[in-house]
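Here's a quick walk through a couple of helices and a few residues around them. Have the model open as you read.

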Amino acid sequence: DSALSCSLQNVGEQGHMALLGHSLAAYISVLDRERLRKLTTRILSDTTLWLCRLFRYENGSAYYHEDDREGLLKICRLVIHTRYEDYTVEGFNVLYTKQPVIYISSAARTGLGQALCNQLGLPLSCMCRVPCNTMFGSQHQMDVALLDRLIKDDVESGKLPLLLVANAGTPGAGHTDKLGRLKELCEQYNMWLHVEGVNLATLALGYVSSSVLAATKCDSMTLTLGSWLGLPAVPAVTLYRHEDPSLSLAAGLTSSQPVEKLRALPLWLSLQYLGHDGIVERIKHASQLSQRLLENLKNLDFIKTSVEDELSSPVVVFKFFREYSSRDQTSHAVQASTIQHPIISSERHLYDTFNQWLGEQLAQLVPASGVDVVELEHEGTCVRFSPLMTSAVLGTEIQDVDQLVDCLKLKIPVLTSTLQLREEFEQEVRRTVGLLYIEDLDWPGLGVVRYNYHSDGKNDDKQEKELEKINTELLKKLNELESDLTFSLGPEFGGQKNCVYIGMVTEDLDVSELVETIAATGREIEENSRLLENMTEVVRKGIQEAQLQLQKANEERLLEEGLLRQIPVVGSVLNWFSPFQASPKGRTFNLTAGSLESTESTYVSKAQGTGTTPPPTPTSSIAKQRLPGQKVFKRSLRSSDAFSETSSISHCEDLEKIDPRPPALSPGHEQGPLETEKTEEQEVAQATKTGTEDFQSEKSPNDCTKAEEQESLR
C-alpha cells in the first residue's frame, strides 16, 4: 500500500491530466460527426507536430498504439504493400515467389521476431537474426560487415530484403547501433530502417551524441513517452515518413474513423501541461542521474561498468568482479574498462550468483533508484540503472543515487570477503570428519555443508529421516548462537535437501572455529539421538523381561498357595481359617543400569532407592575465551590474544608468590586411623551422590588433599 501511494504521489498532476484524457475521449466520442471530425483532426495534427519538432523528426506522420510492438507491425505491413505491388490482390502468393526477409539484432527484445512472424503470417525463416560484434566495437552493436554478407546471400538466393530493425539503446545494456552505416546499407539494398530504444529520448536535449542523432534520418522510430515522462496510460508513438496515404491506410497506420484518432487525446493534454521545457527537464534530469552514478562507479574497486559512452550514457550497467593477480597483473589499472567475464565457467556462474544477490540487495535498500538485474550474453548477470525508464515514475533524485553508491560501498567488502573465504571454508569442511561439502554455485554465500549421519545398517528411508532430523536440529542450534551469520535451509526451490546454507560473511570470520562448531554440534545431536534410541530399546526389552518375570512369579504363587485357595468361595474360607503369609514381590526398572531389580529392599526400607545418576549429556568443548562484546566466529586481534595470555600467566605467577606452599596439611599433623576412615567414607558418599565414578575422570590429588585438610582442621 505504501509503495502504491508513493507511486501515485510521484505521478503528479500531469498523470491526472493523462487519465482525464481518457474520460474526455469517451465524452467527445458522442458528439455529432462533423464536430467530432474537426476536433479529432486538430488533436492529432497538433500532437504529431509537437512530437516531430521535439524529437527532430521532420515531415513525419504518427501512429498511436497501446502495444509498443504494434507500431513496428504496422510498419512491416506498410513495407510489404510498398515492395509487393500485387500484394493487395494476390496476397501470400506474391510472398511465396519471392520470400521477404526481416533483419533484427541478436540484442533485440526477446520474442520480437517470433511475434512479428505470427502477426504477419510469415514463416520463421523470414526472420534473420544479425549477430553483434565479437572482435571490434561494442559487443551489443550489430555487426555491420556480417549484415552486409547476410543481405548479399539472401539476394543471391532469390529472397527480398525487406526491413531492418536497429536499436538506439538495446534492451539490456542500452548501446546504440551504428545507425549511420546501417542507413547507408539500407539505401544500398532499398530496405526500410526502423529504430527503437530508450536512447531516442535524448533527441529532445540540446546536446545529442552523433550515434543517436543519426536516428533522425531513419524511415521510422517508436517512442515510449509514458515511461520517459512518467505518464500513465498514454499510448506509444511510431513516427514514420511515407508519401502514399493509401498504402498507410491499407497498412492500418491511419484510420478514417474519428474515434480512432482520439487515442492521442491523453498525450495531447499531458504535453500541453508539461510544455517543452518540462519535457526537456525530465529527460535531462534522468541523464544527469545516470552520469552521476557513472562518475561514482569509476572510483570503486572491483566494480566493472559496461557503457557505450562514458561522457553520456543514459543506461549504466555494472557488476562486481574481482580479478586475481595470477591471471591479470594489471587488473587494478583497468578498473573502469569494459566488463571481462572470468575464464572458468564455474567462476562465471559464481559471479552471476553474487551479482544477482547484489542487485536484489540494492533494489531492496534503495527502492527509489529503480535498479534491476539483467542477463547479458557476454557479461553475464549485471545490475542495470536506467533512469529514463524509472526515474519519472519513482521520483528518483540525486540523493537516491548517492545512497545507492553508499550501499554499494558497504556491500563490496562483504562480497570480496565471502569470495575469498569460500575456498578456505571448502577446504576446512573437506578436512573435517563428519561433514560433507555441497557444491552449489547458485547460492550467494559462504557455502553449503551437510552433517553426515552414520547409518549403522539402517534402510534408506530411515536414514533419510534421521539425516533430515539431525540437520534440522543443527540449523536450529546454529541460529541460536549469537553471531552475525545467517544459517538457512537454502532457497525454496532448486536447493539441496538436508543441508545448512551459510550466507554472506565479513573478513573477520574465523572459518576454522565455524567448521569446528558445526561438526561438534552435529556430533552432539547425533550422540543425543543415539542415546535416546538406546534408551528406547532398553526400555522395550525391560518391559518384555518384566512381563516374563511377573508371569513366572504368578505361577510360583499359584504353586505355593495351592489350587484350593484359587476357588472363589473355598479360597476365602480357607484363607480365613489358615491365612497365607507371602512377601510382596515386585520389579523396578533402573533406566541408568538398564536392568530389572527387585522391590524387596523398597518394602523393607519403606523408601525407594535413588540408584545411579545417569551420565551427563555430552556437550561440545569448543568455547574459547573472547573479548567483552565479541560475538562467536569472530577473529580477535593478535595483540589482544597476546595480551590476554600474558595477563593470565602473570596472574598465576603472582598467586604463587603470595602463597608458595602447596595446598597440603599443616606441618606436624599426623593423620589418625579414624580420620582416614572418615575420609574414605566421605569419598564413597561423594561418589555415590554424584554417580559419576564410571563416566568422569578420577579425582586429582589436590582435591583429596583439600578434603583431608578440611577434615583435619575440623
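S369 sits in the loop that runs between α14 (345–365) and β10 (372–376); helices (H or I, at least four residues) and strands (E, at least two) are DSSP runs, numbered from the N terminus. This is a predicted model, where local features need pLDDT of at least 70, side-chain atom pairs count only at pLDDT 80 or more, and totals for chains, interfaces and linings use all residues. Residues are numbered from 1 along each chain as its sequence is written, and side-chain values use heavy atoms, with hydrogens and water left out.

Is S369 buried or exposed? Its relative accessibility is 1%, so S369 counts as buried (buried is under 20% relative accessible area, exposed over 50%, partly exposed in between, with a 1.4 Å probe and protein chains only). Setting aside neighbours within four places in sequence, S369 touches L362, F385, T390, L394, T396 and L404, where contact means heavy atoms within 4.5 Å.

One of those partners, L362, belongs to the buried set of α14, which also includes E347, Y351, W357 and G359. Covering the buried residues of α14 are, among others, β9 (316–320), β10, β11 (380–385) and α16 (398–431).

Strand β9 holds K319. With 0% relative accessibility, K319 counts as buried. Its C-alpha atom is 8.8 Å from that of G359, although K319 and G359 are 40 residues apart along the chain. A polar atom of the K319 side chain also lies 2.8 Å from the backbone oxygen of E379. That's a polar contact: a pair of N or O atoms within 3.5 Å; within protein, one must be able to donate a hydrogen and the other to accept it, and residues adjacent in sequence count only if both atoms are side-chain atoms.

The expected span is 1.5 Å times one less than the number of residues.

| Helix | Residues | End-to-end C-alpha distance | Expected span |
|---|---|---|---|
| α14 (345–365) | 21 residues | 30 Å | 30 Å |

Which residues of α7 are buried? They are V144, L147, I151 and D154. Viewed down the axis of α7, they fall within an arc of 80 degrees (taken from the directions from the helix axis to the C-beta atoms), so they line one face of the helix. An α-helix has 3.6 residues a turn, so residues three or four places apart point the same way. The buried residues of α7 pack against β2 (100–105), β3 (127–130), β4 (160–167) and α8 (179–188).

As for the ends, a side-chain oxygen of D143 comes to within 3.3 Å of the backbone nitrogen of A145 at the start of α7. After α7 comes G158, with a positive phi near 90 degrees.
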